[in-house]
Amino acid sequence: PIPQGVVSLGDHEMHAAKRLDANAFAYFSGGAADEITLRANRTAWDGIQLFPRVLRNLVGGHTRTALFGRTLAHPILLAPVAFQRMAHRDGEMATAYAASMQGAGLILSSQASVLLEHVARAVLPERQRGPLWFQLYFQHDRGFTKELVRRAESAGYEALVVTVDASSSGVRDRERRVGFKLPPDVSAVNLAGLPAPKPVMLNEHQSRMFDALLATAPTWKDIEWLRGITRLPVILKGIMHPGDAQLAAQHGADGVIVSNHGGRTLDTVPATATILPRIRAAMGPQFPILADGGIRRGTDVFKAIALGADAVLIGRPYVFGLANAGAMGVSHVVRLLRDELEIAMALCGCATLADINADALFS
Ligand code: FNR
């Protein structure tokens, strides 16, 4: 059951901080380096004020929206988060049940701790749930990467979300302080069988980053390659620069997710709330744009829509719900956020998401 007194996403985090061990909590809650971007993501939403209109007719209002040819009941998706069996023994399976029940889109991480085929079999039939997408990290072995794409396609995933802001993992001080380790029974099961990278012998003049790791990191050419091998929509996640959003479209991407990886990769980049309107301005009104980072209230979802997002993702909050009460906890988190969004819409005088625009923000 949902613990007593947990009535908001913030409450879920506070409760999970007590439930999870220090190792898992550092992993799920931490950000890169000094966590300046982690905090900025939150404070940027908080710093935007709403400018409500009253006495409008809201009869027939709803939160439905269309994305890649599908109707979504509401614009809240669950972001790809790795290793969810560290939060709860049912891990991504519980998350998938909850997403189904709540009509929330689900993006399964490449580093999920449950097989992508098992997750796809656990969800409701397509018409009764939100979209099911697979998050792809390019692996150093392109053959293996292609195989992963094929598996996602045959399992019924409807889009590929290529995360492009994590060619290296960030400087994770919080994890290093607790000596973070994956528990022995949790692993990236979908990447089992990935051939080990060729060992590179580095001399003292070479860099581990540039001469080894980045030698196989994807580039725009690889986005074109991916575009050429799949018919699924390709969405690039981790776009912060308007120039990159334009390059994404030019290289065949069908949408972008404005994201700084929840402040976990590069520290001291701007908040996504700050960047989002620039991306929308660069891409025009039609190009699909999603956003994530620090969304904790229905008013944050509302603000993201007002700044040009078609939909939003939440990461940590639902994992804390998962830690607190399994599928029920994830379900609760989505329901809370959706209810709060509807309240914000009602009190701002917006009957539909299409009614939410920059006029609803005080500037
Ligand atoms: C992530 N994120 C992430 N993104 C991705 O593309 N693949 C992944 O495997 C992961 N793994 C992951 C683990 C953990 C513990 C966190 C917190 C985040 C980033 C995630 O999809 C999303 O961008 C952020 O979590 C959004 O910010 P909030 O909602 O957590 O503030």
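**Notebook: a barrel and its cores**

I started in strand β8, where L236 is the bridge partner of V162. In total, four bridges join β7 (residues 160-163) to β8 (residues 234-239), and the two strands run parallel. For my own record, two strands pair if DSSP finds at least two bridges between them. Helices (H or I, at least four residues) and strands (E, at least two) are DSSP runs, numbered from the N terminus.

Before going on, I noted that this is a predicted model, where local features need pLDDT of at least 70 and side-chain atom pairs count only at pLDDT 80 or more, while totals for chains, interfaces and linings use all residues. Residues are numbered from 1 along each chain as its sequence is written, and side-chain values use heavy atoms, with hydrogens and water left out.

**The barrel**

What does β8 pair with besides β7? I found β9, in the parallel sense, over four bridges. There, I239 stands opposite V258 of β9. I then checked how covered β8 is: six of its six residues are buried. Buried here means under 20% relative accessible area, exposed means over 50%, and partly exposed is in between (1.4 Å probe, protein chains only).

Next I followed the strands around. Eight of them close into a barrel in the order β4-β5-β6-β7-β8-β9-β10-β11, with parallel pairing. Neighbouring strands of this sheet are turned by 30° against each other on average, direction ignored. I then looked up helix α4 (residues 91-102), which packs on the sheet and touches β4 (76-78) and β5 (105-108); its direction makes about 160° with that of β5. Helix α10 (residues 272-283) packs on the sheet as well, touching β8, β9 (255-258) and β10 (289-292), and its direction makes about 175° with that of β10. Axes are lines fitted to C-alpha atoms, for helices over the stretch in contact, and angles run from 0 to 180 degrees between N-to-C directions. Contact, or touching, means heavy atoms within 4.5 Å.

**W133 in β6**

I picked W133, which sits in strand β6 (residues 132-136). Is W133 buried or exposed? At 3% relative accessibility, W133 counts as buried.

**Cores**

Which residues have the most contacts inside the largest nonpolar core? I wrote down F28, F134, Y157, L226, L276, I279 and F302, in a core of 96 residues. Helix α12 (residues 316-348) supplies the largest share of this core, with 15 residues. Apart from it lies another core of 13 residues, among them L67, A79, I107 and V161. My note on the term: a nonpolar core is a set of buried Ala, Val, Leu, Ile, Met, Phe, Trp, Tyr and Cys residues joined through side-chain atoms within 4.5 Å. In soluble globular proteins, nonpolar side chains tend to be buried together. I also listed the partners of F302: not counting residues up to four places away in sequence, F302 touches L50, L341, A344, M345, C348, C350, I356 and A360.

**Two residues toward the start**

T65 belongs to strand β2 (residues 65-67) and is buried, with a relative accessible area of 16%. Beyond four places in sequence, T65 touches R70, T71, L72, P75, D310 and L353.

P1 lies in the segment before α1 (9-19), and P1 is exposed, with a relative accessible area of 85%. Setting aside neighbours within four places in sequence, I found P1 in contact with N324 and A325. The C-alpha atoms of P1 and A327 are 9.9 Å apart, though 326 residues separate them along the chain.

**Whole chain**

I counted 12 helices and 12 strands in the protein chain. Its radius of gyration is 20 Å, close to the 21 Å that the globule rule gives for 363 residues, so the chain is as compact as a globular protein of that length. The radius is taken over C-alpha atoms, and the rule is 2.2 Å times the number of residues to the power 0.38. Buried residues make up 55% of the 363 residues. Among contacts between residues at least 6 apart in sequence, 77% join residues at least 24 apart.
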